[in-house]
Amino acid sequence: MSAVHRVDDDLAAAALANLLNGNSRKRPVVVVTIPAGRTDPWIDVEEVAREAVSLADVYLMPTGPFTWDFSDRMAVGTQVYGGAGRVYPVGREWASDLSKSPLRFAFNEDDGDRATQKLISDMLRMAAAAGLLQSVPTRELRKVDTTVKMVVAGRALVDVGNLFPAAIAEEPAVDDVPIDRIVEAGLRIEGWYDADSNRVDIRQSLRRHGEALAAYAVGDVVLSKVAKVRNGKAELVLYPQTTTPPVVVTVLRADVTANPEDDLRTLMTVGEVIPARVTATGPNWALALHDVDDDEPIVSASSLLPGGPPWLSEEPDHSEVDEPEAVTSLPMPPPAPTPVQVIEAPSPTQPPAAATPRPNPAMLDRSRPGPSQRPASASPAPHRPTESTRGLLLKVDGLTAEIAGLKREVVNLQTQVLAGSDEHEQLRYLLDQAERRANKAENDLKSTRARLRKATSTGKSESPAGNGPRFADPEQEFRYLVLTQWATRTLPSEQRNRPLTDFIIGPRFLESLERLQGIKPEKVADVAFEIVTGLAPQLPSREVHHLRAGPGGDDPVRVRDDGAIAWRASLQVNTPSARRIHYWVLPTGQIELARVAAHDDFAI
């Protein structure tokens, strides 16, 4: 258990500020404050200290006059007082990026429990980022082989033979992966048990990326997580860092959209889980997003532990989620005994320093004058996204601006919460509503970006007349589409080993393609490329099999008089009347495309 250092005078407060702002710290610092009028914090500082062990230093600071000096010595927005808590990571990046050191509020016992768990999570995550977990002494560790009992509150509970279960924390295991994506109830795990912290370390049991990604094949549609996005390229994580480095794949604009003017920052969001097609396997992985159809089956993401859950899951379509009730339909907030003090967010033309006063613990002193009273500005309601690409781009811009405004509103309301205990119910209501609207707008933005990405990725087949190639001969047009798919999906270094050999277009093929609805010619050409190059039989989603005389498994295989054998492959799966492609394989190995048909049509 880490010692709790109490800060209760000017000298100690100044020393703490100097420690945080200096460069000598080797581990995170947790600061828990006591609200005015109380002798104990709502946050369980003793539990935080038990979890910290030797990973972090823990400080307890009452809110009082001596904390004003601490506040003045800290960068704007990085202070902590009024019953809140904050973890300061190693380094100084948190001073300019407030997301690196989030403030955890606590106004009552329930808030205190939630803030306690969040502070512990922050502390463990920051300790892992600082490399402290590898330096913890191991003399007290013992190996355990046990089963996960349950997963709750960011922890997995396991039986190690003690009166109380031990915990597996998500933060030291894999950075930025929730615990329910690492383990699940009933999973058998091996790890090292630390009696001091009552935690089990499972990092040595995590799968290496080579083993975990061995099942992925070229052509598979798999899940990836956006790690970084710029104008012309993005980084997608196929597998996070475990005992081996992460597998991060860089995709260029051409891999995502057919429009060379598109900004990838409008098409994807950091942290978003998106499907991508594998175009090359390890060690030099390559992915493409522009040809992934909505109805294509997605290969389950790899598990981080043997037998564990997939580390990524598909995100729900936020556009289909029920909209929250309007603010006007919610119960009115409790009346505040005193007027609510609201600090307006600075306008784009105003200098920030002049528009927003510096937060200070003096705001909690009721005898001191507060900021001028102004009505809180109402945020505009988000507009429903349109279907056109131009409309989606406008929607992205609007939502981005709205989110920025709502986040400023959240910061202002958080500052107001500190204004006094008699106002906190009113302010808490306003804060909840602002966060609710911000989350809704964030979800709308993510959904709109996903729809825009799909719209731009299929834009290559929807070029206005005169901009794209046009053919008088339908056969030439289809052969061009097949050649385009081959050149797009086959890397130049692989084209010699996977050439697009000559193939025959049967007399009924183009007619059947024109008559069959519900499938694009580009999709048929894509599958035709896979058939001609021999890639289709390697892809489970193509379901390649002999075409028999009937639907029964015992029906004879169709064989033509010249010895050609009939085959069938899937153009679609998991859709009503899923489309199929029928073709002949001649005795010479040459492919003859026969026709496209619905699922229950076996003619060729």
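**Notes on a predicted model**

Reader: Okay, and where is glutamate 543 found?
Author: Glutamate 543 sits in the loop that lies between helix 13 and strand 17, the latter covering residues 545-546. Its backbone has a positive phi of about 50 degrees, although the residue is not a glycine.

Reader: You mentioned helix 13, so at what angle do helix 11 and helix 13 pack?
Author: Helix 11, residues 474-489, and helix 13, residues 521-532, pack at an angle of about 65 degrees, and their axes are 8 Å apart. The crossing of helix 11 past helix 13 is right-handed. On the helix 11 side the contact includes Phe478, Leu481 and Trp486, while on the helix 13 side Pro521, Val524 and Phe529 are among the residues taking part.

Reader: Changing topic, is arginine 25 buried, or is it exposed?
Author: Arginine 25 is buried, yet it has no salt bridge. The nearest side chain of opposite charge belongs to aspartate 57 and is 7.1 Å away, whereas a salt bridge needs the charged atoms to be within 4 Å.

Reader: Then which backbone oxygen lies 2.8 Å from a polar atom of its side chain, I mean that of arginine 25?
Author: That is the backbone oxygen of proline 89. The backbone oxygen of arginine 27 also lies 3.3 Å from a polar atom of the arginine 25 side chain.

Reader: And what else is arginine 25 in contact with, leaving aside neighbours within four places in sequence?
Author: Its contacts beyond those neighbours include Leu19, Leu20, Tyr88, Val90 and Trp94. Arginine 25 itself belongs to the loop between helix 1, residues 10-21, and strand 2, residues 29-34.

Reader: Which peptide bond is cis?
Author: The peptide bond running from glycine 282 to proline 283 is cis, with omega near 5 degrees. Proline 283 is part of the loop between strand 14, residues 273-280, and strand 15, residues 286-288.

Reader: Last one: where is the place of glutamate 46?
Author: Glutamate 46 is in helix 2, which covers residues 45-52, and it is partly exposed, with a relative accessible area of 37%.

Note on methods
Residues are numbered from 1 along each chain as its sequence is written. This is a predicted model: local features need pLDDT of at least 70, side-chain atom pairs count only at pLDDT 80 or more; totals for chains, interfaces and linings use all residues. Side-chain values use heavy atoms; hydrogens and water are left out. Helices (H or I, at least four residues) and strands (E, at least two) are DSSP runs, numbered from the N terminus. Buried means under 20% relative accessible area, exposed over 50%, partly exposed in between (1.4 Å probe, protein chains only). Lys and Arg count as positive and Asp and Glu as negative; His and the chain ends are not counted. A polar contact is a pair of N or O atoms within 3.5 Å; within protein, one must be able to donate a hydrogen and the other to accept it, and residues adjacent in sequence count only if both atoms are side-chain atoms. Contact means heavy atoms within 4.5 Å. Axes are lines fitted to C-alpha atoms, for helices over the stretch in contact, and angles run from 0 to 180 degrees between N-to-C directions. A crossing is left-handed if the near helix is turned anticlockwise from the far one by less than a right angle, and right-handed if clockwise.
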